[in-house]
Amino acid sequence: MARTTETSIFRYHGHHRLFSFNPTSSVSLSFSRPLFSLSLSLSSVSSSSAALCCRSPRVSTAPVEYESQEGEFDFEGEIARLQSLRSAIGNAKSVEEKLAVVDGDSRVKRFFCSGKSGVSRVLGSVSCDSYELFLVKCLVAAGQEHVLSSGLGLLEGEFESERSALRSVFYGLVEMIEKWEVSGAEGLGKKNGVADEEIGALKKLLKTLREIEQFYDCIGGIIGVCLNWVKFILWEALQTGLVWSILTQAREFLYFKIYGKQCITPVAIMTSAAKNNHEHITSLCERHQWFGRGQSSFQLFEQPLVPAVSAEDGEWLVTKPFTPVCKPGGHGVIWKLAYDKGIFQWFYDHGRKGATVRQVSNVVAATDLTLLALAGIGLRHGKKMGFASCKRNLGATEGINVLIEKNLDGKWEYGLSCIEYTEFDKFGITDGLLSSNSLQAGFPANTNILYVDLPSAELVGSSNDEKSLPGMVLNIKKPIVYEDYFGFQHSVSGGRLECTMQNIADNFFNTYASRCYKGVEADVLDTFIVYNERRRVTSSAKKKRKHANKSLHQTPDGSLLDIMRNAYDLLSQCDIKMPEQCSGVLLHHNLQIEGNDRYADSGPPFLVLLHPALGPLWEVSRQKFYGGSISMGSELQVEVAEFLWRNVQLDGSMIVIAENVMGSTRIDENGEPMLQYGHRCGRCKLQNVKVQNKGINWNSGDNIYWKHDVQRFEALKIILHGNAEFEATDVLLQRNHVFEVPNGYKMKISSKNPGLAVDLNPIEEKMIDSGSWFWNYKISGTHIHLELVEF
């Protein structure tokens, strides 16, 4: 760390570009001078600066002795108090010593020695041990005593603001009602005069405090968390679950087809308790029998929840006594949590050196080359971290990737990192509708798609200091909505201490003896970026579109549109004629607002949903599709990997579904169902086929396109059970047809005058496992060539 007393700042060099890309290569990057230069410091902002910018005396709950004479909150005093307390607790060698330290804090003394017995009475009723008592007193020392006192009438005098005084009136009224309701039944449901509900709530609070203290031990536990809140408040004042499994399996199927060996990728998923997320993900995996991959190939690890804090006064938000409003701590906790839960060692045990990291809400991250290129470059070139990036949408709630320059004790450090959108104001980054040639438009988007070298990431996660929780921010850009125990709905300005996983990159900078005035070569950096079209990198489905809302931003509807864009791009390269009008206003990659409006009102121009195992690389998919056309308003769904399309003309709906898309399931030695790639797959060949039917009822108000829940007038359906095969050659298939092929059989459709000839015959015994034909994958240089093998 730099030994300096200067304030940490970013300096803006307006005449320098961030970096430039070589358009002929997806790998080669050259960097010019960075747009930002960073001078690091650990010291706090001066009190004069704080006084200039901070007008409200209720930014925190610090007692009178920590306030300046001008009535402004003394941030330096509060930070110094908490830092001193954190240091003393950290030096204590036992719980008793820690308890003695926190007992010496002035705030704790006043609260517990003020003659009020309510909290002590409740604590006594659950027989708190020394460690739990220490946690409770840390809560008070951190300025969050209202979490304990709400509803108990314990706040008086200097601990009471106008807001808490009004709150106490309501709480007192509730207590009176409760006492009245239990009159005549003295002691009913109580222990030592304490209600069972209060005891239960306190036990839950103690569990939450224990988790916070243990997980955030690297920054000082409860005291450290609150210390960071105070810092962030000051800085602010200064200015569906199946997708990831299918995509992973598609890459494994590609590996099998090329090398003839089965490879199961270990998957670790960080969940949270919010909205029962952990239980939902666990139930999903169990219901789908761990997707034929075995439970042992998964690790689900749950992140702790952290209390939400009011932006007005720094208090924890509380729904009822002993029950703070808690939220997830942000995806940046993944590194420390992965170390704490043994995830890194688990990956090593599976022979892994690197990992790709992504959010499951991004439904296009695995499109074509994006993830494979990211991991391949990282592994081959020994990089510590990589970003998958793309053009940024101006005004979007997403961060930016930047090349950062630091000067530490005369040495210069360079590396790629991220600035979150919540931090733009702090660093003087403007946002909004700027011109396309502005510097702002040159920033690539941070998409939260990362490659990490596992030993490098583990070193950070195990550091036992602030480095293990990178990119800590207090995000108060969005209101916190919660309901108190009177049933009243609240929406307040607030947030919680969050970490950003991508800022682990700040630990992987390269050091130079002198400043790099002529730029930095990308090859020598430990961090890197791969760049692709936005619709092939990021399209998040985080929220459901509200009724009559035209905005598709971060909705499943908007993500579906990106999937249709990609389908158009892919199939157009296969000499398949797509609706010409769709290549302009509606499906052009620079989608305009009016295109969104039209989609919201009338639905997409067509639906094309292709299983990722058809590729997942487009180079592979293009060899399975060739020629023909797809008309406006048509629907194509292909859920089979061994598939051939040659000169097919589709006008209507065609749905091909196989039970065994990539292989069949067998029971392994542990009694778990395991998918065996390439074994008894379903297969479908279509050559010189015309499909004509009325297809989707696009006028139906019940259609939910992103769920693929649509009403149809007519459709062609091909259903393949087990290793069933279907072939159609030189035929016209009109109106409704359902061809359902049983396991072990091959169905052939051909022309007959009049009508169709349908032949259904058993598959020969020698072809039961491999099928009567298959695609043989071969690597030729840097390309993959497919050969159709028939028996």
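Which strands form the open sheet of 5 strands, and in what order?

Guide: This is a predicted model, in which local features need pLDDT of at least 70 and side-chain atom pairs count only at pLDDT 80 or more, while totals for chains, interfaces and linings use all residues. Residues are numbered from 1 along each chain as its sequence is written, and side-chain values use heavy atoms, with hydrogens and water left out.

The open sheet runs in the order E26-E28-E30-E34-E36, with parallel pairing. Strands here are DSSP runs of E with at least two residues, and helices are runs of H or I with at least four, numbered from the N terminus; two strands pair if DSSP finds at least two bridges between them. Strand E26 (607-610) and strand E36 (737-741) stand at the edges; each has a single partner strand, so one side of each is left without a neighbour in the sheet. From one strand to the next, the twist averages 5 degrees, where axes are lines fitted to C-alpha atoms and angles run from 0 to 180 degrees between N-to-C directions.

Within this sheet, strand E30 (residues 653-658) pairs with strand E34 (residues 716-720) in the parallel sense over 5 bridges. Ala658 stands opposite Leu720 in E34. In general, strands of a sheet pair through backbone hydrogen bonds, either parallel or antiparallel.

As for the setting of the sheet, the protein chain has 19 helices and 40 strands. Of the 791 residues in the protein chain, 52% are buried, that is, under 20% relative accessible area with a 1.4 Å probe, counting protein chains only; exposed means over 50%, and partly exposed lies in between.
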